[in-house]
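Subject: Structure handover

Hello,

Here is the structure we discussed, followed by notes on what was found in it.

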Amino acid sequence: MSRLIAYSRVVLPTGQTLHREVVEFAHDGHPVKHYPLLCEQPFVEWRDATYVYGDQLTL
């Protein structure tokens, strides 16, 4: 089962910073994909933090 976390900022490997992004993590904590948070979504955890895309989520 994947885990969805919305971050206030996501820094991509290119250095680009995106705001209010949802990151989907696989069961092992690796990011699978990201997309903009356009509206409130069920089962999405919110973190007012910066996530560097590619970092493994500590479970």
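Before the rest, the ground rules. This is a predicted model, in which local features need pLDDT of at least 70 and side-chain atom pairs count only at pLDDT 80 or more, while totals for chains, interfaces and linings use all residues. Residues are numbered from 1 along each chain as its sequence is written, and side-chain values use heavy atoms, with hydrogens and water left out.

The sheet

Four strands form an open sheet in the order β3-β2-β1-β4, with mixed pairing. The strands are DSSP runs (E, at least two residues), numbered from the N terminus, and two of them pair if DSSP finds at least two bridges between them. β3 (31-36) and β4 (44-52) are at the edges with a single partner strand each, so one side of each has no neighbour in the sheet.

- β1 (residues 3-11) and β4 run parallel and are joined by seven bridges; isoleucine 5 is opposite glutamate 45 in β4.
- β1 and β2 run antiparallel, with eight bridges, and alanine 6 faces valine 22 in β2 as its opposite residue. These two strands make a hairpin with five residues between them, and glycine 15 in the turn has a positive phi of about 100°.
- β2 and β3 are antiparallel over five bridges, with phenylalanine 25 opposite proline 31 in β3. They too form a hairpin with five residues between them; here glycine 29 in the turn has a positive phi of about 95°.

Glutamate 21 lies in strand β2. It is buried (under 20% relative accessible area, with exposed over 50% and partly exposed in between; 1.4 Å probe, protein chains only). Glutamate 21 has no salt bridge, and the nearest side chain of opposite charge, arginine 20, is 8.4 Å away. For that search Lys and Arg count as positive and Asp and Glu as negative, with His and the chain ends not counted.

Glutamate 24 is also found in strand β2 (residues 17-25). At 17% relative accessibility, glutamate 24 is buried. Its side chain makes a polar contact of 3.3 Å with that of serine 2. Glutamate 24 also forms a salt bridge with lysine 33, with the closest N and O atoms 3.7 Å apart. Lysine 33 is partly exposed, at 43%.

Salt bridges

The count is three, taking a salt bridge as a side-chain nitrogen of Lys or Arg within 4 Å of a carboxyl oxygen of Asp or Glu. Arginine 3 and glutamate 45 meet in one of them, at 2.9 Å from N to O. Arginine 3 is in β1 and glutamate 45 in β4, so this pair ties together parts 42 residues apart in sequence. Glutamate 45 also bridges to arginine 47, at 3.0 Å between the closest N and O atoms. Arginine 3 is partly exposed at 30%, and arginine 47 is partly exposed at 28%.

Regards

Conventions: A polar contact is a pair of N or O atoms within 3.5 Å; within protein, one must be able to donate a hydrogen and the other to accept it, and residues adjacent in sequence count only if both atoms are side-chain atoms.
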